[in-house]
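Thank you all for coming; I would like to walk you slowly through one structure today.

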Amino acid sequence: MSDLLSVTQLTMEFGGLTAVNEFSLELRPGELVGLIGPNGAGKTTAFNMITGNLVPTRGKILLAGRLINGQKPHRITAQGIARTFQNIRLFTDLTVLENVLVSFHFRVRSSFLSAVFGLPRYRREARTALETCRLLLAEMGLGHLAGEKAGSLPYGQQRRLEIARALATRPKLILLDEPAAGMNPAETESLMELIIKIRREYGLTVLLIEHDMTFVMGICERLKVLDYGHTIAEGTPQEIQNNERVIQAYLGERHRA
Amino acid sequence: MEGGRLRNQLLTLASVGILFALLYLASRYLSDYQVRILNNGAIFITLAVSYNLINGITGQFSLEPNAFVAIGAYTSALLTLSPAEKEISFIIEPIIWPLSVIQVSFVWSLVAAGIVTAFLGFLMGFPVFRVRGDYLAIVTLGFGEVVRSVANNLQRVTNGPLGLKALHNYTNLWWAWGFAVIAIFFIVRLVASSYGLAMKAVREDEVAAEAMGINAFRTKLLAFTTSAFFEGVAGGLLAHLITTISPTLFTFFLTFNLLIIIVAGGLGSTTGSVIAALLFAFGGEWLRVVEEPMSIGSLQIPGIPGMRMVVFSIALILLMIFARHGIMGRREFSWDWLLERSPVSRVFRGGGK
């Protein structure tokens, strides 16, 4: 029961299609695990079940020993799972600072009336949130952009902001859905450093989906490979690299030739 | 920073003071007709600002204000009429018991209008926010029709199609504008708070907002209920301004006008809603000119009733072509913005720092 996240035999069926079949996963606190597989393998579906965006057909999801499947996404976030999205989903018309501030709202204890009338308790909460956000943005290297509209940032920084926003919910576990997608090698490099840094500083457990093999092999301690909804392999990056089934299913025939 | 905030608060207070001084002058020197337009303007401001909270800020395209205004108007009217007056009005079927004997002062009837409407809005929020987008619009539109239909048929409460007549004209400049100022204050502060930020996050991307721990349903419900409260009170004010209410007053046309106002002002901008509400209330009257008989040279044009709606529509079309985001877009008025652009800015900045 010392696992932070324990997923057992999670299955998602859409009509006759089984997107994810009996997916199991254990994450110990502080681990950095990668979920890989070809397009359409069910990786994002697995994420969506863990974060509550999809209700699994069968199976169990335990977060620190507590059953969380079927709960609303905002409830799951409040219990310590944050995420980023495959296609960036920032609040594009809000500023960078506001994007991060949104993540503090669920902790606000003052009522909306005390917010409207600016009562001391609300003002204290608002001030703390603002200070924490500014610190976080500075740490993520986005401090100088606080007043910019999120939608106007360059792509790499939008990805960074998404991670900052997820961190602001103060998660125990963070799920990153293709964080390096569309990045150039230099950006990928700095993203790797960032992930390692935030994991250390915030004591995070990280689960990520990624197609960039240098990235995955470079930072993940353990990998899990999905294909057509089935888990076909599991192990350290080295083990996965030499696994016949993975090479067949994922890396394709070309690599054998 | 703190000095700037104090300065802005003082400026706001001063402008409210100036507004009421102007209203005092208006109440003394303007004709009844002009005062009435001013009252209308204030009520439209209240309605537009609160409708914008749900449609513009929270991004939930809904079409129910006519229902909320109707509920507020009936609640308030039934409470200010005296038992004797109600007995005379309800000629077909007598009014039901508790309402037949209750009479409260105008201010309490407005409070009741707000609370009853907010409560019904709250209850209505549970079914309607199960859907979103176009479906939400249709469901809320349906709700508006249901309320109108109930008003038509629940004779022992609403007096049916006959409506309620001979209400006292309690609504004056002070009530109408005083309440508009309260509504603007409340909604501006709400939008600027963490709760307002949550509403905007839901508008921008509901899935992402939920993933950041925001309870989207509760956020929408808060916007909706707040909106209902202010629209209900505005309904009470409207009833005691026009002094006669009947179900035909609260058709979809009312909602449609408000929708035009908030879109023209800029969806999501409270400032825009205020400006557009004023333009709508005053513009509608100014445009009466085009309905009068005119002579251009030797050409005699007889007055064409309805001509002002044509001009009005053309103005809207032009707005949608050339300024699709409305007058303000999503921008808001702020003192900092104004002072930066005014010639006296240096004086203020010198004093502020």
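What we have here is a predicted model, and in chain A the pLDDT averages 91, with 96% of the residues scoring at least 70. Among the elements of that chain, helix H3 of chain A, residues 96-102, has the highest mean pLDDT, 97, whereas helix H10 of chain A, residues 244-251, has the lowest, 77.

Let me turn to where the chains meet: 26 residues of chain A are in contact with 23 residues of chain B. On the side of chain A that touches chain B, the elements giving two or more residues are helix H2 (73-78), H3 and helix H4 (112-116) of chain A, and the largest share, four residues, comes from H2(A). If we sort the residues of that side by kind, we find 13 nonpolar, eight polar and five charged.

Next, the interior. In soluble globular proteins, nonpolar side chains tend to be buried together. Here the largest nonpolar core has 161 residues, and those with the most contacts inside it are Ala164(A) and Ala48(B). Leaving aside neighbours within four places in sequence, Ala164(A) is in contact with Val100(A), Leu136(A), Leu137(A), Met140(A) and Leu142(A).

I will finish with two backbone details. Most residues other than glycine have a negative phi. Ala64(A), however, has a positive phi, near 45°, and its place is in the loop between strand S4 (58-63) and strand S5 (66-67) of chain A. Asn159(B) also has a positive phi, of about 65°, although it is not a glycine, and this residue is found in the loop between helix H8 (155-158) and H9 of chain B.

Are these two residues buried or exposed? Ala64(A) is partly exposed, because 16 other C-beta atoms lie within 10 Å, whereas Asn159(B) has 25 other C-beta atoms within 10 Å and is therefore buried, the cut-off for buried being 20 or more.

Terms used
Residues are numbered from 1 along each chain as its sequence is written. Chains are lettered from A and ligands numbered from 1 in the order in which they are written. This is a predicted model: local features need pLDDT of at least 70, side-chain atom pairs count only at pLDDT 80 or more; totals for chains, interfaces and linings use all residues. pLDDT is the predictor's confidence in each residue, from 0 to 100. Two residues are in contact if their C-beta atoms, placed from the backbone, lie within 7 Å. Ala, Val, Leu, Ile, Met, Phe, Trp, Tyr, Cys and Pro count as nonpolar, Asp, Glu, Lys and Arg as charged, and the others, Gly among them, as polar. A nonpolar core is a set of buried Ala, Val, Leu, Ile, Met, Phe, Trp, Tyr and Cys residues joined through C-beta atoms within 7 Å. A residue is buried if 20 or more other C-beta atoms lie within 10 Å of its own, exposed if 12 or fewer, and partly exposed in between; C-beta atoms are placed from the backbone.
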